[in-house]
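Let's take a friendly walk through a protein model together. Keep the sequence at hand and turn the structure as you read.

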Amino acid sequence: PSITRGVTVEIPKVTWEDIGGLRDLKKKLQQAVEWPIKHSTSFTRLGISPVRGILLHGPPGCSKTTLAKAAAHASQASFFSLSGAELYSMYVGDGEALLRNTFQRARLAAPSIIFFDEADVVAGKRGGNSSNNITVGERLLSTLLTEMDGLEEAKGILVLAATNRPFAIDAALMRPGRFDLVVYVPPPDLEARYEILCVHTRNMKIADDVDLRRIAEETELFTGAELEGLCREAGIVALREDISATVVRDSHFQTVKKSLKPALTEAEIE
Ligand code: ATP
């Protein structure tokens with residue numbers, strides 16, 4: 001079996017400035033991620049143990065992955081990315097092997113951040129399974145718990161997990177020394193939408209008639225991912241209209257906006 005399948009290692013290039021809005025949250029993550037890595041001796045001196053795991057939850061497309069990458073960039077940590085769904089779909093035993101192998105490699109490459117997407121698939125609540133069959137999810141969860149508990153002595157390794165379904169996470173992961181910090185990543189408010197539009201038009205040639213503030217007002221319930229898509233599509237519409245276009249105009253943004261409907265609903269916001 002290929003135990004490196006599904007794992008990517010890099011120091012991401014994304015920075016805190018690439019993320020619009022979420023000012024307080026970014027500060028919180030800076031403290032929880034950057035400080036223990038950059039100032040580990042200060043923690044030892046004061047005898048305090050840094051956070052070992054952070055759970056990010058919130059609707060899809062609102063920058064959970066991007067935040068984890070920016071945190072890794074800021075602390076110049078190697079970034080290991082695992083998907084709960086992918087681990088779950090592997091042959092029996094391969095998922096656990098990949099998990100163990102990833103923690104092992106993260107230790108060697110420390111400081112490291114292990115990012116766990118769709119964490120609820122693996123770290124989901126253990127059902128009151130009356131038969132003696134241990135399910136794939138339970139075996140993965142138990143491996144994850146063992147690895148996280150083993151981080152005690154290891155310095156500079158942090159696990160960031162992301163989920164859209166925090167209520168489905170097993171309580172065992174919420175004990176002290178595991179996911180000590182639980183952070184809600186909300187969909188962008190007006191100011192955040194404006195900042196996200198600025199980020200994603202930064203390298204675009206946009207005409208003077210494009211009013212990003214107004215677009216931000218008109219895109220309530222849009223996620224960061226959808227706003228990014230809006231900017232990209234507006235560029236495509238401009239090219240479709242005229243392949244030698246030199247700027248993207250307001251009309252192009254409006255055309256795309258009319259064709260988009262946000263996937264989020266009011267009811268999904270916590
Ligand atoms: P999922 O739950 O689907 O994995 P996610 O919350 O992890 O989603 P990301 O993958 O981080 O979301 O974001 C998707 C895309 O949307 C990224 O390419 C990112 O550039 C853009 N995006 C989302 N939120 C923001 C933001 N606040 N500022 C800038 N870009 C954003």
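Start with R23 and E195, which form a salt bridge whose closest N and O atoms are 2.4 Å apart. A salt bridge here is a side-chain nitrogen of Lys or Arg within 4 Å of a carboxyl oxygen of Asp or Glu. Side chains of opposite charge can pair when their charged atoms come close. R23 belongs to helix α1 (residues 23–38) and E195 to helix α8 (residues 190–201), so this pair ties together parts that are 172 residues apart in sequence. Helices (H or I, at least four residues) and strands (E, at least two) are DSSP runs, numbered from the N terminus.

Before going on, a word about what you are looking at. This is a predicted model, in which local features need pLDDT of at least 70, side-chain atom pairs count only at pLDDT 80 or more, and totals for chains, interfaces and linings use all residues. Residues are numbered from 1 along each chain as its sequence is written, and side-chain values use heavy atoms, with hydrogens and water left out.

How many salt bridges does a search of the whole structure find? The search finds 11. In one of them, the side chains of K38 and E34 meet at 3.0 Å, N to O. Both residues lie in helix α1, 4 residues apart, which is about one turn of the helix. Are these two partners buried or exposed? K38 counts as partly exposed, at 48% relative accessibility, whereas E34 is buried, with a relative accessible area of 10%. Buried means under 20% relative accessible area, exposed means over 50%, and partly exposed is in between (1.4 Å probe, protein chains only).

Another salt bridge brings together the side chains of R213 and E191, 3.4 Å from N to O. This pair links distant parts of the chain, with R213 in helix α9 (residues 212–217) and E191 in helix α8, 22 residues apart. R213 is partly exposed at 42% relative accessible area, and E191 is partly exposed at 38%. Salt bridges that share partners also join R214, E218, D250 and K257 into one network.

Now find helix α5, residues 94–108. Its 15 residues reach 21 Å from the first C-alpha to the last, close to the 21 Å expected at 1.5 Å a residue; the expected span is 1.5 Å times one less than the number of residues. Which residues of α5 are buried? They are G95, E96, L98, L99, N101, T102, F103 and A106. These buried residues pack against β3 (78–83), α4 (84–88), β4 (112–117), α7 (136–149) and β5 (157–163).

Helix α7 is also where you will find E147. E147 counts as buried, at 11% relative accessibility. Leaving aside residues up to four places away in sequence, E147 touches R100, F103 and R107, where a contact means heavy atoms within 4.5 Å. The side chains of E147 and R107 are joined by a polar contact of 3.4 Å. A polar contact is a pair of N or O atoms within 3.5 Å; within protein, one must be able to donate a hydrogen and the other to accept it, and residues adjacent in sequence count only if both atoms are side-chain atoms.

G150 and L99 are 51 residues apart in sequence and 13 Å apart in space, C-alpha to C-alpha.

Next, turn to the ligand. It is surrounded by 17 residues, the closest being G61, T65, T66, H200 and E228; a residue is near a molecule if one of its heavy atoms lies within 4 Å of it. A polar side-chain atom of T65 lies 2.6 Å from a ligand oxygen atom, and a polar side-chain atom of E228 lies 2.8 Å from an oxygen atom of the ligand. The side chain of H200 has an N or O atom 2.9 Å from a nitrogen atom of the ligand.

Finally, step back to see the whole protein. It has 11 helices and 6 strands, and its C-alpha trace spans about 60 × 50 × 35 Å along its principal axes. Of its 270 residues, 47% count as buried. The mean pLDDT is 88, and 92% of the residues reach 70 or more; pLDDT is the predictor's confidence in each residue, from 0 to 100. Over residues 1–6, however, the pLDDT is below 50.
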